[in-house]
Amino acid sequence: MEGIEHRTVKVNGTNIHIAEKGEGPVILFLHGFPELWYSWRHQILALSSMGYRAVAPDLRGYGDSDVPDSVDSYTCFHIIGDLVELINVVDPDEGKVFVVGHDWGAILGWYLCMFRPDKVKALVNLSVPFLRFHREIKPVDFWISYYGSDHYMSRFQEYGEIEGEFAEIGVERVVKEYLSDFPVLLPKGKLFKRPLDEAITLPFWLSEEEASYYVTKFQKTGFTGPLNFYRNLNRNWELLKPWVGSKIKTPAKFIMGDKDLVYGVPGMKDYIHNGGFQEDVPSLQQVVVMEGVGHFINMEKPDEINQYIYDFFTQFH
């Protein structure tokens with residue numbers, strides 16, 4: 001794509017594929033599920049033309065990066081370890097970058113600022129706000145208590161089970177269903193709302209050619225690596241106990257759509273707008289809720305997101 005360069009970087013013994021373009025201060029873009037570096041294609045092209053060096057990895061388990069076999073290799077510490085070393089590789093002089101995250105990438109952005117604030121100049125996160133640690137109940141149990149055992153975070157827990165159900169449906173169908181309308185509930189025997197013989201109309205912001213890029217990569221790697229992120233939710237809850245009550249002090253901006261499934265989570269609007277979010281992230285400078293916009297906000301509204309990122313980061317250099 002229009003001058004985007006690709007290479008593989010070895011970090012902590014793991015090969016991580018990165019896409020990059022431009023010269024200037026580094027912006028590290030972190031993708032979510034079920035995505036790839038490719039979800040940032042619009043941001044890479046735009047921000048690299050605005051005086052930044054845009055760098056977007058495939059996270060471990062995804063795309064052209066290594067896919068470690070063990071579920072235990074996907075804890076928050078493993079992933080953040082990859083990112084810290086990647087920052088050292090792509091910015092060896094300063095070792096400190098701007099970060100933009102979406103979905104799981106946003107969670108990782110918050111963790112990176114919590115564990116290694118010395119590595120992040122400023123943060124723009126999309127879709128997922130900082131999630132306060134609930135000490136009385138494990139994350140997966142929390143989601144089940146609201147949505148039942150068909151909730152996707154519950155259905156993703158059993159190793160191999162959902163992979164088998166996805167295999168019966170086929171990678172192309174699964175990828176297109178998720179990118180079109182991220183399902184919250186995955187009932188056994190009827191994972192998606194649409195009958196399987198009904199054609200999927202892709203959203204206006206995703207062409208068949210673009211969708212096929214995702215399909216090709218997930219056909220190669222499968223879904224186990226990405227699902228292993230979810231299989232570590234409860235393990236991360238245990239590992240993060242020393243950080244209970246920690247504040248995120250990195251300058252931050254948060255953007256989400258009002259049609260995002262995350263915005264509809266019980267208690268989320270109250271947390272975001274009535275002081276809880278600001279209390280946990282004292283350096284949070286702005287919250288933007290975009291009307292009529294869904295989960296994949298950086299692909300649905302690329303021009304607006306690009307401008308938000310540029311305007312926010314420009315004040316720090």
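Here's a quick look at the rings and the nonpolar core of this predicted model.

Residues are numbered from 1 along each chain as its sequence is written. Local features need pLDDT of at least 70, side-chain atom pairs count only at pLDDT 80 or more, totals for chains, interfaces and linings use all residues, and side-chain values use heavy atoms, leaving out hydrogens and water.

Let's start with the core, meaning buried Ala, Val, Leu, Ile, Met, Phe, Trp, Tyr and Cys residues joined through side-chain atoms within 4.5 Å; buried is under 20% relative accessible area, exposed over 50%, and partly exposed in between (1.4 Å probe, protein chains only). The largest core has 110 residues, and Y111, F156 and F313 touch the most other members. Helix α3 (residues 104–115) gives the most to this core, with 10 residues; helices here are DSSP runs (H or I, at least four residues), numbered from the N terminus.

Now the rings: the whole structure holds 40 aromatic pairs, that is, Phe, Tyr or Trp (six-membered ring) centres within 6.5 Å, with planes under 30 degrees apart called stacked, over 60 edge-to-face and the rest tilted. F142 and Y146 make an edge-to-face pair, 5.1 Å centre to centre with 70° between the planes. They sit 4 residues apart in helix α4 (residues 139–147), so about one helical turn separates them. F142 is partly exposed at 23%, and Y146 is partly exposed too, at 45%.

Two charges also sit over rings (NZ of Lys or CZ of Arg within 6 Å of the ring centre and within 35 degrees of the ring normal):

| Charged residue | Ring | Distance to ring centre |
|---|---|---|
| R41 | Y38 | 4.3 Å |
| K269 | Y263 | 4.7 Å |

Definitions and conventions
Helix = DSSP H or I, 4+ residues; strand = E, 2+ residues; numbered from the N terminus.
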